[in-house]
Amino acid sequence: MRTSKGDVVIIFSLVLLAVLVVYPLGSLILRAFLSEGEVSLDNFSKVLSTRENFIALWHSLFVSIISTILATFLGTVLAWIVARTDIPFRKKIKTGLMMPFLIPPFIAAIAWLQLIGPAGYINSIYMTVKETWNPLFVIYGKWAVILVMTVSGYPFVYLTTLGGLERMNPSLEEAGQISGAGTFRVMKDITLPMMAPTIGAGAILVFVSRIANFGIPAVMGMPDNYYVLTTKIYRLIDQSFVIPDAQAIATAMSMFLMIIAACGLLFVKFYLRGKEYTVISGKDVQPKLVKLGKWRYLLFAFAFLVILVIVVLPVIAILLTALTRAWGLPPTLDNWTLENFRYVLFDLDMSRRAIRNSIFLALSASTITTLMGAIISYVVVRGKMKSRQLIDFLASIPYSIPGTVFALGMIIAWNRAFWGRLNIYNTIWIILFAYIARYLAYSVRTVGSSLRQVDVSLEEAAWVSGSGWLQSFKDIVLPLIKSGLFASWFLVFMPTLRELTISVLLWSTGNETIGVAVYNLQEGGDVTSSAALAIIMIIVIFAGNYLIKKITRGEYGY
Amino acid sequence: MAGVVLENIKKNFDGFTAVNNFTLEIKDGEFVTLLGPSGCGKTTTLRMIAGFIEPTEGSVSIGERIVSNPAGHIFVPPEERNIGMVFQTYAVWPHMNILDNVAYPLKIKKIARRNRYKKAEQVLELVQLGGMGKRYPHQLSGGQQQRVALARALIMDPHVMLLDEPLSNLDAKLREQMRFEIKELQKRTGVTIIYVTHDQAEAMAMSDRIVVMNRGEIQQIGKTEEIYEKPANKFVADFIGLINFIPCRVSRDRRSLFIRGAGNVEIEYPVPEELGDDVLLSVRPEDIDLQEYSRKNLVGTVTRVTYFGNIVDYLIRAGDVPIRVQLKEKEFTEGDRVSVIFDCKKFLFY
Ligand SMILES: Nc1ncnc2c1ncn2[C@@H]1O[C@H](COP(=O)(O)OP(=O)(O)OP(=O)(O)O)[C@@H](O)[C@H]1O
Ligand SMILES: [Mg+2]
């Protein structure tokens, strides 16, 4: 009785994953190796031999590596300051430094462009004050990309390192101190070497997320003709009607992107995770904070400055733009207006559609993934069969590969009619499918971890008392994993609401998302409307983050 | 090597007094144990000696040198105190091999590589880990890791060694063995040891003197026998070993006691004047004998017999008074009526 129902669930899960994951990725890989109807490596050699294509690969590696190094340095230093020193307002600083996670990278890029771009606020203030036509500095192209990638990427390292430092048994450091080593010697000989694998894991996450990022190089690089893999793929797809072979080359490029990202993640999973020292805390020891003395305020000022420059200033810049009548006017009070907000919320059809679409997509994606996640993680956690690992693996793929790659797979897989008329390409459904597949991993993980806490005996008790499998799932399991379901719903809702990388490749007129709308307005030169829409998005994100943090008592959210 | 002097130490943690009024003089080469229930301030005291915690008041001296004295604005950080410390969680560094772990204090002192490894090998020999230097901590058992920690503390020829419940993560057998090894090591090296535990058997097996603490204050300082045979107060009597507390009334002529809960049975015993009329007669289980039922003694019923091998533990109920008795042999069974005979020489009163 029970097994047969379990089998149904497994088959159902496998079919779903086949349609959502295996089919698009299979199509993509097949397409990459197919040239003029034959299996070959032609497409790859076209990437490596055409300068313009090859250079995108090189740029991707360059900006990702440099920004990873910088972000790792910044993240580690900040984590140490927060975890190990007695700076004032430690708790506040700790939260403040996570905030860049909340600002979507492409919005951060737009904000930074308005701050430091050639016509940005800093330069215009300088030029007005000095009465000159020469800007103070010009940062664009790769350095601008690296800058924004660094400041929006360091939280990965910051968070993992902070966690590692907080979990580390303080006796290890004290043993160093009592052996005669001073504060900095302990840091160099004990803390840092022990944290190295953790910092390394964080660094690779930064690298993978940087190389997969579309928004930053799109906003900061493309206008200067500085292309990386993601933006090049976007361009190729955009112009696939003009350039022959564009799609084939894009698929080959996406293979490179996917392989680099996969190598990074596999390295973390199988090498670094094994190297990490499991450092359990002793019972009565809390980490001792380094008494900084006169350095206390200096380091506080540094951390505060980081928050100011990385979170506050960009948001202020974009807010100012949103409040200004026209981009380029000085953002003084008499130029302020709410007109931009009115325009994007009530006048402009495109942005109104985008808001409607994004809300629809986020609502349905989060609800569907949570339901699917509940079923799949139930199979994963409770199942004993081999299929269990397969399901777990398949569900985690779309999240591990760059969004651009997955979106391209979706295009290749669904760019045709099935059974004569069923065609989801150029509809909102293809975006929804992509979102579901991509964020399924979130649900499986969150629901799975709460399911693991429900002892199987509770269910068995229900079966013994005569309730069926479904009945006991509904009566016993669901109520117990309610908070996990809720968290999963929210964790999918938030990023889908702000999503750009996938939808920018899959959208069509009428099916824009908010991310696409912000991006298109910015590209089209309507900077103020774009800023207004971005501010609305930021407000929703921060409110949502606050809500989930309150409701889950700090377990989720920043 | 050096002695340690703690004078009138007090430690407040935002309003909560963890250690108070703590004065203790430890002689050079002495083995002193801080013993007390959980949360009584043992770790806090030890960490004030190490320098991880600064006392609120009082002063700490190691050898001739004052290392902590808030009133005089003196505070020497841990790394300058030349103290060896062994942590409860071993705190052996997982990223270094055993030899590097042990040699680390000498590396800090800038001793040449070859000399420090030679010394480290010797110390490893001393803790019976000779030849294990190339291994990594995760390849050692808990007991071996604990010895590495000991070796690392010993290598710097410390003035003092501090050990905070170093054996509590080991299994019973190993714990027993390590007790003797630590004691042996101390005899051989002559190092001053301050040892923290809440296990009284451990304290008694190793210490020259024991400091019994409760709620942050010293209850008694003394040799093992003193603490056991002449507990300074009810807390110490109760905490160290087993003891029966029997409420009694003193007769007018102060030549006998009446056990209140057991029908005012009379026990002849001259009670000093200063104890008052109501006393708490305290007597250890091994200072009581059980005999065949006889009307002229205190009579009770055996309600529980537990056989431990070397001793037999009886719980007797005499009227309302429960009495623990420990004998060598199993002579009675549950339900037996017995006479309870006290060894009056061992009586204590609180
Ligand atoms: N950093 C601190 N802040 C506040 N209170 C503390 C701090 N450290 C210790 N205490 C308190 O001081 C008291 C003594 O703690 P201590 O760790 O010295 O006890 P202990 O005797 O070592 O106990 P155990 O046998 O459990 O290790 C406890 O009540 C503890 O809660
Ligand atoms: Mg303790």
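Guide: We can start with B:Glu176, which has 39% relative accessibility and so counts as partly exposed. The model is predicted: local features need pLDDT of at least 70, side-chain atom pairs count only at pLDDT 80 or more, and totals for chains, interfaces and linings use all residues. Residues are numbered from 1 along each chain as its sequence is written, chains are lettered from A and ligands numbered from 1 in the order in which they are written, and side-chain values use heavy atoms, with hydrogens and water left out.

Visitor: What makes B:Arg179 and B:Glu176 a salt bridge?

Guide: A salt bridge is a side-chain nitrogen of Lys or Arg within 4 Å of a carboxyl oxygen of Asp or Glu. In this pair the closest N and O atoms are 3.4 Å apart. Both residues lie in helix H5 of chain B (residues 172-189), three residues apart, about one turn of the helix. Helices are DSSP runs (H or I, at least four residues), as are strands (E, at least two), numbered from the N terminus.

Visitor: Why is A:Asp86 with A:Arg296 said to tie together parts that are apart in sequence?

Guide: Their closest N and O atoms are 3.8 Å apart, and the pair forms a salt bridge. A:Asp86 lies in the loop between helix H3 (51-84) and helix H4 (90-96) of chain A, and A:Arg296 in helix H13 of chain A, so the pair ties together parts that are 210 residues apart in sequence. A:Arg296, at 25% relative accessibility, counts as partly exposed.

Visitor: Why is the site of ligand 1 called shared?

Guide: Residues from chains A and B surround ligand 1, so the site is shared between chains. The shell has 15 residues, and among the closest are B:Lys42, B:Thr43 and B:Thr44. A residue is near a molecule if one of its heavy atoms lies within 4 Å of it.

Visitor: How do you know that B:Thr43 has a polar atom by ligand 1?

Guide: A polar side-chain atom of B:Thr43 lies 2.5 Å from an oxygen atom of ligand 1. For B:Lys42 the corresponding distance is 2.8 Å.

How values were computed:
Polar contact = N/O pair within 3.5 Å; in protein donor to acceptor, adjacent residues only side chain to side chain. Buried < 20%, exposed > 50% of the residue type's maximum accessible area, 1.4 Å probe, protein only.
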